[in-house]
Amino acid sequence: MSRCFSFTEAKNRCYISTFTKVGLQSTTTDLKDGTVIHCWVPKSPTQSKPNLLLIHGLGANAMWQWNDVIRRFTPYFNVYIPDLVFFGDSYTTRLDRTESFQAECVMRVMEANLVGKLSLVGLSYGGFVGYSIAAEYKEVVERVVICCSGICMEEKDLREGVFTVSDLEEAASILVPLKPDKLRQLVGFTFYKPPPLGLIPDCFLIDFIDAMCRDYVTQKKELIRAIPKDRKLSNVPKITQPTLIIWGEHDRIFPVELGYRLKRHLGDNAHLAVINNAGHAINMENKKEYIKLLKSFLVDLQLPAETTHLKIYRTTDDLTAR
């Protein structure tokens, strides 16, 4: 018997309503090469406002990851929120699975919408894409925020036990969950203090999996495999834009050491904020501190002040003394 109600689809409708109320509209752009990208764009961009690009990570579509952020930033920016290839309504027939390809697709959408200079925030996998945009489109990107994204990981890190799950295929089965136990495992890795999914009936978790995880399973796993392939720190370009790195102290997806590594790689041009008592899902687990950091850096154009909830590393010397 088919289900007559889907909690996940109901949440989707709520998020669509929120995005619409803050002045965004749903668009699709055919890139004419077998690739179609869905993106939320301003209905009426304001020329006097700067542009802000928000790039989601693995998991649900862009709405689920940016819903709590957009209302805080649409008053200050023309906000653009794409669904990356194989998420939401974005897809491609091309075989490229690199973050560089994702970056190219996003920037072609920005060009189609006549977006000039922009700042960007990349969350988790979206951080890889955002970093690639910052490196490849230097003349366009003004400020960069990288959140819990292992830009400076190396392929050898998998073999050397840097990650909680060192088997790439096992990691892919968790990051693209198709069964309730895998979804519970993903939440356990993502949160420092996970919500009690053990108390939630399987039917609710299956509803989420059916709505969010069953499309493009093979392709999403290929995206994950492509991240560490032949990756070496020596090959990671150094971006030159002012950069804020935000990390959860207890991140089990990309350990915080990778945040320190990225800070060392970029030097004094970058600033690292480590949020205490938070895991990988900093946008959900410590939403208030996360948004405060974003606003300080992107709106006030200031570095965040150190508080009891986070530690700011501004120089390489700070890291050495850590």
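**View 1. Contact of helix α1 with helix α2.** Thr-8, Lys-11, Asn-12, Tyr-15, Ile-16, Thr-18 and Phe-19 of α1 meet Met-63, Trp-64, Trp-66, Asn-67, Ile-70 and Arg-71 of α2, where contact means heavy atoms within 4.5 Å. By class, seven of these residues are nonpolar, four polar and two charged; Ala, Val, Leu, Ile, Met, Phe, Trp, Tyr, Cys and Pro count as nonpolar, Asp, Glu, Lys and Arg as charged, and the others, Gly among them, as polar. The model is predicted, so local features need pLDDT of at least 70 and side-chain atom pairs pLDDT 80 or more, while totals for chains, interfaces and linings use all residues. Residues are numbered from 1 along each chain as its sequence is written, and side-chain values use heavy atoms, with hydrogens and water left out. The axes of α1 and α2 (residues 62-73) come within 10 Å and cross at roughly 35°. Axes are lines fitted to C-alpha atoms, for helices over the stretch in contact, and angles run from 0 to 180 degrees between N-to-C directions. The crossing of α1 past α2 is left-handed, meaning that the near helix is turned anticlockwise from the far one by less than a right angle. Helices (H or I, at least four residues) and strands (E, at least two) are DSSP runs, numbered from the N terminus.

**View 2. Contact of helix α1 with helix α8.** Helix α1 (residues 7-21) packs against helix α8 (residues 202-212) at an angle of about 55°, and their axes are 8 Å apart. The pair is therefore oblique, the class left over when angles under 35 degrees count as roughly parallel, over 145 as roughly antiparallel and 65 to 115 as roughly perpendicular. On the α1 side the contact is made by Phe-7, Thr-8, Glu-9 and Asn-12, and on the α8 side by Asp-207, Phe-208, Ala-211 and Met-212. Four of the residues in this contact are nonpolar, two polar and two charged.

View 3. Val-176 is found in the loop between α6 (168-175) and α7 (180-190). At 5% relative accessibility, Val-176 is buried; buried means under 20% relative accessible area, exposed over 50%, and partly exposed in between (1.4 Å probe, protein chains only). Apart from neighbours within four places in sequence, Val-176 is in contact with Cys-213, Val-217, Lys-220, Lys-221 and Ile-224. Ile-209 is 33 residues from Val-176 in sequence and 9.0 Å from it in space, C-alpha to C-alpha.

**View 4. Buried residues of helix α7.** Pro-180, Lys-182, Leu-183, Leu-186, Val-187, Phe-189 and Thr-190 are buried in α7. The buried residues of this helix pack against α6, α8 and α11 (282-285).

**View 5. Surroundings of His-265.** His-265 lies in helix α10 (residues 257-266) and is buried, with a relative accessible area of 12%. Not counting residues up to four places away in sequence, His-265 touches Tyr-131, Cys-152, Leu-233, Val-236, Pro-237 and Lys-238.

**View 6. Two loop residues with positive phi.** Most residues other than glycine have a negative phi. Lys-32, in the loop between β1 (24-30) and β2 (35-42), is not a glycine but has a positive phi of about 65°. Lys-32 is exposed, with a relative accessible area of 70%. Leu-301, in the loop between α12 (287-298) and β10 (310-313), also is not a glycine and has a positive phi of about 55°. At 53% relative accessibility, Leu-301 counts as exposed.
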